[in-house]
Amino acid sequence: MLLTPSQTKALSTERHLAITANAGSGKTRVLVQRYVDLFERYGDLTTRNVAAITFTENAASELRSRISNEIADRLTNSPGTTPEQRARLRGLRDSLPSAFIGTIH
């Protein structure tokens with residue numbers, strides 16, 4: 001997956017992030033990758049520590065679905081993943097139903 005320089009910068013986990021861009025610009029793809037990356041990298045992180053906020057219920061549902069698919073893909077198709085990362089991904093998969101991925105209104 002090729003990312004633009006702005007998308008690559010958005011994947012940095014050094015700061016909080018808000019993404020605003022036009023439809024079809026790859027916002028969801030970047031958010032999915034960043035969300036899963038956070039849990040794969042930081043062992044002490046739980047879904048109670050991260051909020052993914054969108055503007056519509058449909059967007060939140062799509063985000064949750066894509067995150068679930070990304071986790072499954074990484075567990076199945078990432079041979080370089082360490083045992084610790086795999087354990088974190090399984091933990092994220094198991095706790096995803098209670099994660100705050102939604103709207104504020």
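1. H3 and H4 pack at about 150°, and their axes lie 10 Å apart. Axes are lines fitted to C-alpha atoms, for helices over the stretch in contact, and angles run from 0 to 180 degrees between N-to-C directions. The two helices are therefore roughly antiparallel (over 145 degrees). Their crossing is left-handed, meaning that the near helix is turned anticlockwise from the far one by less than a right angle; clockwise would be right-handed.

2. The model is predicted: local features need pLDDT of at least 70, side-chain atom pairs count only at pLDDT 80 or more, and totals for chains, interfaces and linings use all residues. Residues are numbered from 1 along each chain as its sequence is written, and side-chain values use heavy atoms, with hydrogens and water left out.

3. Which residues join H3 to H4? From H3 come Ile71, Arg74 and Leu75; from H4 come Arg86, Leu89, Arg90, Leu92 and Arg93. Contact here means heavy atoms within 4.5 Å. By class there are 4 nonpolar, no polar and 4 charged residues. Ala, Val, Leu, Ile, Met, Phe, Trp, Tyr, Cys and Pro count as nonpolar, Asp, Glu, Lys and Arg as charged, and the others, Gly among them, as polar.

4. H2 covers residues 27-41. Its 15 residues should span 21 Å at 1.5 Å a residue, and the end C-alpha atoms are 21 Å apart, so the two agree. The expected span is 1.5 Å times one less than the number of residues. Helices are DSSP runs (H or I, at least four residues), numbered from the N terminus. Buried residues (under 20% relative accessible area, 1.4 Å probe, protein chains only) of H2 include Val32, Tyr35, Val36 and Phe39.

5. H2 meets H3 (residues 57-77) at an angle of about 55°, with axes 9 Å apart. The crossing is right-handed. On the H2 side, the contact includes Thr28, Arg29 and Leu31; on the H3 side, Leu63, Arg66 and Ile67 are among the residues. The contact holds 7 nonpolar, 2 polar and 6 charged residues.

6. H2 also packs on H4 (residues 83-95), at about 125° and with axes 8 Å apart. This pair is therefore oblique too. H2 passes H4 in a right-handed crossing. Tyr35, Val36, Phe39, Glu40 and Arg41 of H2 touch Gln85, Arg88, Leu89 and Leu92 of H4. The classes are 5 nonpolar, 1 polar and 3 charged.

Key: Buried means under 20% relative accessible area, exposed over 50%, partly exposed in between (1.4 Å probe, protein chains only). Angles under 35 degrees count as roughly parallel, over 145 as roughly antiparallel, 65 to 115 as roughly perpendicular and the rest as oblique.
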